[in-house]
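This briefing is for a reader who is new to the structure shown below.

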Amino acid sequence: MTVELAMLHVEPTADELAEGRRLRRKKKLINLAIDVFLLIVSVLMLLPLVFLVANAFKTPAEMLAWPPTVIPHDPTTANFKTVLADTPLIHWIGNSIAFAVMSTIAIVATSAIAGYVFGKFRFRTMNILFALFLATAIVPFEVYMIPLYFEAKSLGILNSVWGLLLGYLVMSFGIFLIRQNVIHSIPDELLEAARIDGAGEFWIFFRIVLPLLRGALGALAVLAFFQAWTAFAWPIIVATTRSSYTIEVGLALFQTGFTVDLGRLSAASAIVLIPSILLFVILRRNFVQGVASTGLKE
């Protein structure tokens, strides 16, 4: 038996060893090229944000200098002081935070309920209704924005957070995201076992389904927050008074028909970045986990 095993063990030849080393070097070079490419792309994507923050601390003369400087030679906080003193920037940020938080709660709630129903209640008309929900994603918001404005006007909620919220209550992609996670992450046997034990549908939804969807709901919350936080077209129509502006509409005031106050605009934009960065840092793990587990496999 030992002789047979020894005969089966064949040492690789010199050519095979050389070919293996060549393939390993080739793979390392390919991985290195990919890493270098991704690094360059990342730097190019971050460069505008770096210049934005740098411009917020520059004097007007240095801002117009060529070539531009990444690190200000004479840093100043005058732009921040002017913005905070001359504009209700904090109030606009508060309006945006209230709008974005309420929109996030509404979208997470509606998407969780609709996604669970579409994923686990298999009635004949469910596929048709789900297809109709997805079809709304291809309709531009500008198509029904004006009718929605007249609805907000008839309800008397213009120039308020409720008027802003009217256009951001439901997200079709959010329903799709939760439905996919419900189908692939929550087994039917688990729900059937709970029903056999006498659990009601509300108990099952709140005690079983929602905890298992924590990652997907975290990812959806990030997407919903940024959608409302960066909204511009709908707030500029609904919010017509200075006190009801969101931050996106307020930033547009720094640009006139002929000039742009680049210093104050950069300072205000740098301040606005803080809530977005904090939210992403807090929920980044849920965001990555939720998107990665969406899965379209059967």
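Predicted model: local features only at pLDDT ≥ 70, side-chain atom pairs only at ≥ 80, totals over all residues.

Tyr116, Phe205 and Phe206 are linked by ring pairs into a cluster.

**Aromatic pairs**

- A pair of aromatic rings is described by how far apart the centres are and by the angle of the planes.
- Phenylalanine 173 and phenylalanine 176 form a tilted pair, with 6.3 Å from centre to centre and 40° between the planes.
- Both of these phenylalanines belong to helix 9, and because phenylalanine 173 and phenylalanine 176 are three residues apart there, about one helical turn separates them.
- Phenylalanine 173 has a relative accessibility of 40%, so it counts as partly exposed.
- The rings of phenylalanine 225 and tryptophan 229 have planes at 15° and centres 5.7 Å apart, so this pair is stacked; planes under 30 degrees apart count as stacked.
- Helix 12 (residues 214-229) holds both phenylalanine 225 and tryptophan 229, which lie four residues apart, about one turn of the helix.
- Phenylalanine 225 counts as buried because its relative accessibility is 9%, and the cut-off for buried is under 20%.
- Tryptophan 229 is buried as well, its relative accessible area being 3%.

**Helix 6 against helix 9**

- Two packed helices are described by the angle between their axes and by the distance between the axes.
- Helix 6 (residues 126-135) packs on helix 9 (residues 172-185) at an angle of about 135°, and the two axes are 8 Å apart.
- With that angle, helix 6 is oblique to helix 9.
- The crossing of helix 6 and helix 9 is left-handed.
- On the helix 6 side the contact involves Phe130, Phe133 and Leu134, and on the helix 9 side Ser172, Ile175, Phe176 and Arg179.
- Sorted by class, the residues of the contact between helix 6 and helix 9 are five nonpolar, one polar and one charged.
- Phe176 therefore has a part in two topics: it meets helix 6 as one of the contact residues, and it forms the tilted ring pair with phenylalanine 173.

**Helix 10 against helix 11**

- Helix 10 (residues 188-196) and helix 11 (residues 201-212) cross at roughly 145°, and their axes come within 10 Å.
- The crossing of helix 10 and helix 11 is right-handed.
- Leu190, Leu191, Ala194 and Arg195 of helix 10 make the contact with Glu201, Ile204, Ile208, Val209 and Leu212 of helix 11.
- The contact of helix 10 with helix 11 has seven nonpolar and two charged residues, and no polar ones.

**Two single residues**

- Most residues other than glycine have a negative phi.
- Asparagine 159, although not a glycine, has a positive phi of about 60°.
- The loop between helix 7 (141-155) and helix 8 (161-166) is where asparagine 159 is found.
- Asparagine 159 counts as partly exposed because its relative accessibility is 30%.
- Serine 266 has its place in helix 15 (residues 262-292).
- With a relative accessible area of 3%, serine 266 is buried.
- Leaving aside residues up to four places away in sequence, serine 266 touches Leu52, Asn55 and Ala56.

Methods
Residues numbered from 1 in each chain as written. Heavy atoms only, no water. Axes fitted to C-alpha atoms, helices over the stretch in contact; angles between N-to-C directions. Parallel < 35°, antiparallel > 145°, perpendicular 65-115°, else oblique. Left-handed = near helix turned anticlockwise from the far one by under 90°. Contact = heavy atoms within 4.5 Å. Nonpolar A, V, L, I, M, F, W, Y, C, P; charged D, E, K, R; others polar. Phe/Tyr/Trp six-rings, centres within 6.5 Å; stacked < 30°, edge-to-face > 60°. Buried < 20%, exposed > 50% of the residue type's maximum accessible area, 1.4 Å probe, protein only.
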